Each structure stands twice: as C-alpha cells, then as structure tokens.
Amino acid sequence: MFGEVYKDKRVLVTGNTGFKGSWLSMWLLKLGAEVYGCSDDTPSNPSMFKVLGLEKKVKHTWLDVRDKEKVHRLIKEIKPDFVFHLAAQALVAKSYQDPVDTFTTNVNGTANVLEGIRLSGISCVAVMITSDKCYDNVEWPWGYKETDALGGKDVYSASKGAAELVIKSYYYSFFKNSEKVALASARAGNVIGGGDWAEDRIIPDCVRAWSTSEKVEIRSPKATRPWQFVLEPLSGYLKLGQSLSESRKMDGESFNFGPLSQYNHTVAELIGDLGIMWGFESAEDAFIITGNVPFHEAGLLKLNCDKSLLFLKWMPTLDYKKLIEFTGSWYKSFYHKQADMFVVTLSQIEDYEQIAAKKRLEWTL
C-alpha cells in the first residue's frame, strides 16, 4: 500500500487525538510507520483516541500548536520524515462562540508548524490539511476547483481560507527552491465514520440520541452534502504524501478529495438510512425536524476532484451503501456489542484496502 513509503518512517500527525487524526494514526501504524502525535486535548467524550488506546501505541506529546517554541522543539526532536497537519479548531458552531480562538488555532497554528519545519532544517514531506470550507461558497451547483476563490462569509471558512494563504506564502517564500521540504495542501469535507463524537455534527448527534432511545433533532433536513467515509480523504492524504516523497511534480500544489457527485444526499436521507441500520422500523422514526438554526449553514458545497484524479490517480473507493454500512456498524459495535474497537477499526481499514485493491486503485498497487 502506498508504495510502502511509510514503512519504518517517522510520521508526525498534529491533531492526532481528533476524529480524522485517530483514524490516520491507526492506518499509519498498520502501514508500519513510527507514529508521533501532538494535541492540546482530546476534543470529545467519548474520544476515539482513548477508545482505541492510541496513547499507548503512538508517541504522543501534549501541546498547543499556537505555542511556537514547543512546536519547533518537538519537530526538531522528532525529525519527522512526514508531517500531516490536522490540528485545528474544527467546529463551525464553536467558531461563532469563540472566533479569536478559531483564527489563532487555524491560522497561527498552521504558521507555527511550517515555521517549525523551516527552522529545524529537516528533510520532510508536509501535507497540510484544511477544509472544503476554505472556498468562498456562493452555492453554485458545480464543484469548487483548487483555483477558485478562497475565503468565506463566516469565521470558520475565513480561518480555513487564511490557513491556505499561510501555506501558499510559506511555500513561495521558503520552500519552493528547497531540496529538503516538499509541501502541499489537502481539502476535504463532509467526512463521517465511526469514532466521531464532536458537538454539533450530524452523525455524533444521531448516535448520542439513539444510544438513549431518543430521536435526533435535525435543523436542515433538505441540506445536501457530498458525504464521504473518513478513509476516503485519508487515502488521498496518504497518496499525496507518497507522491511528494517520490517526485517534486506536485510540490506546492493543493488538492481536493471528495466523493463522486452522484453520492450527494440530503441530511434526511443520510439519517434515515443510518436509522434503519441502527434498528428503527422506518426512517421517520429516527429523527424530528426543528426550526432551530443558530447559525448560517450552506445549502450546498461540493468539490471538483478532477485534479486529484489526473495527477495523483486518486478516486473514492466506497459507494453510498458501503458508507452507511461502515459508519453504522462501527457505532453499533461500540454501543451494542462492547467490542474491542481497536480490532473493529483495524478490520474496517483492512476491508477498505481490499475493496480498493479489487478496484485496482493506484495507491494499492
């Protein structure tokens, strides 16, 4: 997998205690990497990081990415071969409650990681992860390309657009002619899967309610999203890291990772299908609709992933049915079976790899 470029390599994952960070750490462990992580806390309770026992399986350091000196010291000590930067304030709702924290974490934190790489003088591949919300969303019906305008009307979107500008400026100011550092950014969104318990996210809200035999309250049932299973963008990040390690052709570039356009579904469809898998007799039994919309939510936002297909030979693996199956079965194992969730998670990664291999996707060859 991934040309075995991660085997026996030192890989630093910032934000490794989060939802995507925990899944990425698991996959890197399976790929034979020596995984390091840093984060200032576990962002939810339950926490996937703790549920999987990852604090005993990765070399973790507690720090805030806004602390420039500590970030620099950590990078200098580890000398990572790869850096995957995921540390962020990742919640739209929280950005309205604490906009300054959102800006300092997402913008200054990104700058501190890049500055740590620069000052340490190490040779490494850096994949900087932002979000699909980095684009200035005008809610047109086609997908956003990497060359479309950045920014947004809300704090969270603006912070992600600004983070992209920081990445671009560091590349052109310090790394473009560097023989040591290869750098690119990755953009994805609407990621779901087992192990996410963040506040004000649709799937965590569902399982919290359903685990106590309650219906989940939803605000915008007709909102359409291009939902994707968590391993889809992670396969893109890992493929991007592989590509940068093997060639500098993609150095300084940005890439979108998202599902095929036919996998767009409304919030109501997604929850209804997951509800049926959970055990509800009908989709309508799984949720109730409220009119409470405390902040602006985009009706439509999707990505054009042609660039990833053309240059990385990357494409999504799962269809919508498998997305529901993987996500629902993980939570059912946690809430109903009291299973070993490390084993369950590893099994899903293996199943995902096998499906991708049968499709002969480039990163599996």
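1. Helix H6 (155–175) and strand E6 (181–187) each contribute at least two residues to the lining of the second largest pocket. The model is a predicted one, and the points below should be read with that in mind.

2. Which element gives the largest share of the lining of the second largest pocket? That element is H6, with six residues. The volume of this pocket is about 380 Å³. In total 20 residues line the second largest pocket, and those closest to its centre are Glu 146, Lys 168, Arg 187, Gly 252 and Ser 254.

3. By class, the lining of the second largest pocket is made up of eight charged, eight nonpolar and four polar residues.

4. The largest cavity has a volume of about 60 Å³.

5. The lining of the largest cavity includes Trp 227, Gln 228, Phe 229 and Glu 232, together with Pro 259 and Tyr 263. Pro 316, Leu 318, Asp 319, Tyr 320 and Leu 323 also line the largest cavity.

6. Sorted by class, the lining of the largest cavity has eight nonpolar residues, two charged and one polar. For the second largest pocket, the corresponding counts are eight nonpolar, eight charged and four polar.

Note on methods
Residues numbered from 1 in each chain as written. Predicted model: local features only at pLDDT ≥ 70, side-chain atom pairs only at ≥ 80, totals over all residues. Heavy atoms only, no water. 1 Å grid on protein atoms, 1.4 Å probe; cavity = no way out; pocket = protein on both sides within 12 Å on 5 of 7 lines; lining within 4 Å. Points joined across faces, edges and corners; volume = space filled by probe spheres on them. Helix = DSSP H or I, 4+ residues; strand = E, 2+ residues; numbered from the N terminus. Nonpolar A, V, L, I, M, F, W, Y, C, P; charged D, E, K, R; others polar.
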